[in-house]
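Work through the exercises below with the structure open. Try each task before reading its solution.

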Amino acid sequence: MWYKLKKTAILLMLVSLGGCGFEPLYVEKTSGSDLWYYNNEYDTDIVREMAQIKIETVTDRIGQLIKNELMDTFNPYGTPKCAKYFLKLQPVEKETTEQALRDDITATREKVKYSVNYELWSEEKGRLIGGNSWVFLSYDLLDNPYSTTMDKKKIEKDGAKIIANDISLRIGAYFHSVKTKRGNPDEF
């Protein structure tokens, strides 16, 4: 009984996703149709385009962490020698807010917002896509300063991963939309 209910719930969820404009990023579209299919093969055109992105140098520490995460995603085999696209990351903005105040008005927790502007460029087409990616994280202010410092470093790494993942997904969605509009992967 539960198995049938689970199956029905999953089917309803998939049908509702189709109605909201959801399109899979790495799956091919059947030719001459608006239907998507997965035949144990992924569409690697988008991955190949993303592997041709060179990420420009970043000056701040969290920006370097974001760059490293993006390099692992875009080009795990190294920076492309003849890059087709260039990703520019602005210095990361950091806003800190004290939270959970004690009676003596000292904070026991801090909330941090990291935000970064990015732009993807092509030499022949100019600016392709850009935007702002941000994340809110928080950590406890502990009695031991070493523990607080380690918490700060951990949320910095976590924030870099989240922002890099967001930028990667947005750029992948851009290449996906370009491919589906033109229909020919050679026309990127």
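The exercises cover confidence, salt bridges and a charged surface patch in this predicted model.

**Exercise 1. Confidence**

Find the average pLDDT of the chain, then say where confidence is lowest and where it is highest.

Solution. 
- Step 1: The chain averages a pLDDT of 81. A score of at least 70 is reached by 74% of the residues.
- Step 2: Helix 1 (residues 2-19) has the lowest confidence, at a mean of 62.
- Step 3: Strand 2 (residues 85-89) has the highest, at 95.

**Exercise 2. A salt bridge between strands**

How many salt bridges does a search of the whole structure find? Then place the one that joins aspartate 140 to arginine 109.

Solution. 
- Step 1: The search finds five salt bridges.
- Step 2: In the pair of aspartate 140 and arginine 109, the N to O distance is 2.4 Å. The cut-off is 4 Å, so the pair qualifies.
- Step 3: This pair links distant parts of the chain, 31 residues apart. Aspartate 140 belongs to strand 5 (residues 126-140), and arginine 109 to strand 4 (residues 107-122).
- Step 4: Aspartate 140 has 35% relative accessibility, so it counts as partly exposed. Arginine 109, at 28%, is also partly exposed.

**Exercise 3. Two further salt bridges**

Which residue does glutamate 119 pair with in a salt bridge, and what separates aspartate 166 from arginine 170 in helix 4?

Solution. 
- Step 1: Glutamate 119 pairs with arginine 127. Their closest N and O atoms are 3.2 Å apart.
- Step 2: Glutamate 119 is partly exposed, with a relative accessible area of 25%. For arginine 127 the value is 44%, again partly exposed.
- Step 3: Aspartate 166 and arginine 170 form another salt bridge, with the closest N and O atoms 3.2 Å apart.
- Step 4: These two residues are four residues apart in helix 4, so about one helical turn separates them.
- Step 5: Aspartate 166 is partly exposed at 24% relative accessibility. Arginine 170 is partly exposed at 32%.

**Exercise 4. The positive patch**

Which residues form the positive surface patch, and which helix gives the largest share?

Solution. 
- Step 1: The patch consists of Arg61, Lys153, Lys157 and Lys161.
- Step 2: Helix 4 (residues 145-182) supplies the largest share, three residues.
- Step 3: Arginine 61 lies in helix 3 (residues 61-74).
- Step 4: Patch residues need over 30% relative accessible area. Arginine 61 has 48%, so it passes that cut-off while counting as partly exposed.

Methods
Residues numbered from 1 in each chain as written. Predicted model: local features only at pLDDT ≥ 70, side-chain atom pairs only at ≥ 80, totals over all residues. Heavy atoms only, no water. Patch = residues over 30% accessible without salt bridge, like charges linked within 9 Å, V, L, I, M, F, W, Y side chains within 5 Å. Areas by Shrake-Rupley, 256 points an atom, 1.4 Å probe, with all protein chains shown as cover. Salt bridge = Lys/Arg side-chain N within 4 Å of Asp/Glu carboxyl O. Lys, Arg positive; Asp, Glu negative; His and termini not counted. Charge placed at Lys NZ, Arg CZ, Asp CG, Glu CD. Buried < 20%, exposed > 50% of the residue type's maximum accessible area, 1.4 Å probe, protein only. pLDDT = per-residue confidence, 0-100.
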